[in-house]
Amino acid sequence: MTPQEMEKHIVRYGELKPCKTAFIDAHTPGSDQKENFTIIGGGVSESPDQHVHIRETPGFNIGAAGQPPRCRNSLHDHNTAEAFFVLKGRWRFFWGRWGNAGEVTLEEGDIFNIPTGIFRGFENIGTDYGMIMAFLGGDDAGGGVNWAPQVIEEAREHGLVLGENGVLYDSRKGETLPHNVSPMPLMSGEDLAKRGEPTTVDVVPHYVARYWDLMALADRQPVKVIGPDAVIRDRPGFEVDFISRASLANDFYDCDVQEVLMPMRGYWRLAWDGGETTLAPGDTCLVPENIPRMLVPSMSGEASMYRVRRTHDPAGKTMPLT
């Protein structure tokens, strides 16, 4: 593989293309300044304006959300795993039918594997523009987003209607639902009753991992962050490792599945038979399978990275709370 060919597998942070109309709350005050990024795979965007950087999926999707201070993402849930790590800023994650069952604040580098079956939202509570990177289970990212009923009702008041086909229609642009498409129905009381209301004590010890703890654990080898025997125990159809400068030997290694490299801190040299390149914080690199590669920090100082690989587990619900 030439450097030019590898570059087609890399999405540079500075080249990310946002969509400001990706979801039904795009006009709702408090949520109308958020930006959605679809990096690998089609993601769950409801807008035809969403740019997809790499359509090929390795068994999961990679996306991102960028938001200015005090901008929030409305309550929703997914049919498969949704995990985030904070790239920039300080974020509050909250969950439950009305968003008040529990909450946690995450700092840069922290990771949260949000359990399926609960409504969740998040807000940038920092002082600058913030960015969180997302992993979504399955090639189709679970098939879409399930919104809390109040989100759909409020969005309608601001001109956005979600069709049952999963497409947004904006009355501010003169758009109307096609004659053969009905509005997305509100979730029934029976379905709402199935959504969990776990407390912070239920969630945080089992589904949150802190950056500096992972840095300490990665002093000799990569840390398994999400997986059946990881810091966060789950089988979402992918596994997540955390790597520091002390985790890997300065040698080539191989992998029989595609892996996604996502630097958190520092600059990393990725070398393979045919070339090398440098990955920076916020970059996303989809390395093809069966290509021997070497990862080495390219300068002194703090260096860390998340690495994601698919597993043979089907994408689906989170393992039970333990």
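A cavity here is a set of grid points where a 1.4 Å probe fits but cannot get out, and its lining residues are those with an atom within 4 Å of a point. Keep in mind that this is a predicted model.

With the cut-off at 30 Å³ or more, there are two cavities to visit. Select Cys19, Lys20, Thr21, Ala22, Phe23, Ala26, Lys34, Glu35, Asn36, Ala65, Gln67 and Asn73, and you have its lining. Color by element, and β2 and β4 show up as the ones that give two or more residues to that lining. By class, the lining splits into five nonpolar, four polar and three charged residues.

Next, the largest cavity, with a volume of about 240 Å³. Of its 23 lining residues, pick Phe23, Asn36, Val44, Glu82 and Leu136, which lie nearest the centre. β2 (35-40), β4 (60-67), β5 (72-77), β6 (82-88) and β11 (130-137) each give two or more residues to this lining; β4 gives the most, with five. The class count here is 13 nonpolar, nine polar and one charged.

Now over to a sheet. Show the strands in the order β1-β22-β19-β24-β18-β16-β17: that's an open sheet of seven, with mixed pairing. Which strands stand at the edges? They are β1 (10-11) and β17 (232-233), each with a single partner strand, so one side of each has no neighbour in the sheet.

Last stop: zoom in on β16 (residues 223-227), which runs parallel to β17 and is joined to that strand by two bridges. Select Gly227 and you'll find its bridge partner, Arg233, in β17.

Note on methods:
Residues are numbered from 1 along each chain as its sequence is written. This is a predicted model: local features need pLDDT of at least 70, side-chain atom pairs count only at pLDDT 80 or more; totals for chains, interfaces and linings use all residues. Side-chain values use heavy atoms; hydrogens and water are left out. Two strands pair if DSSP finds at least two bridges between them. Helices (H or I, at least four residues) and strands (E, at least two) are DSSP runs, numbered from the N terminus. On a 1 Å grid over the protein atoms alone, a cavity is a set of points where a 1.4 Å probe fits but cannot get out, and a pocket is an open set with protein on both sides within 12 Å along at least five of seven lines; lining residues have an atom within 4 Å of a point. Grid points are joined across faces, edges and corners, and a volume is the space filled by probe spheres set on the points. Ala, Val, Leu, Ile, Met, Phe, Trp, Tyr, Cys and Pro count as nonpolar, Asp, Glu, Lys and Arg as charged, and the others, Gly among them, as polar.
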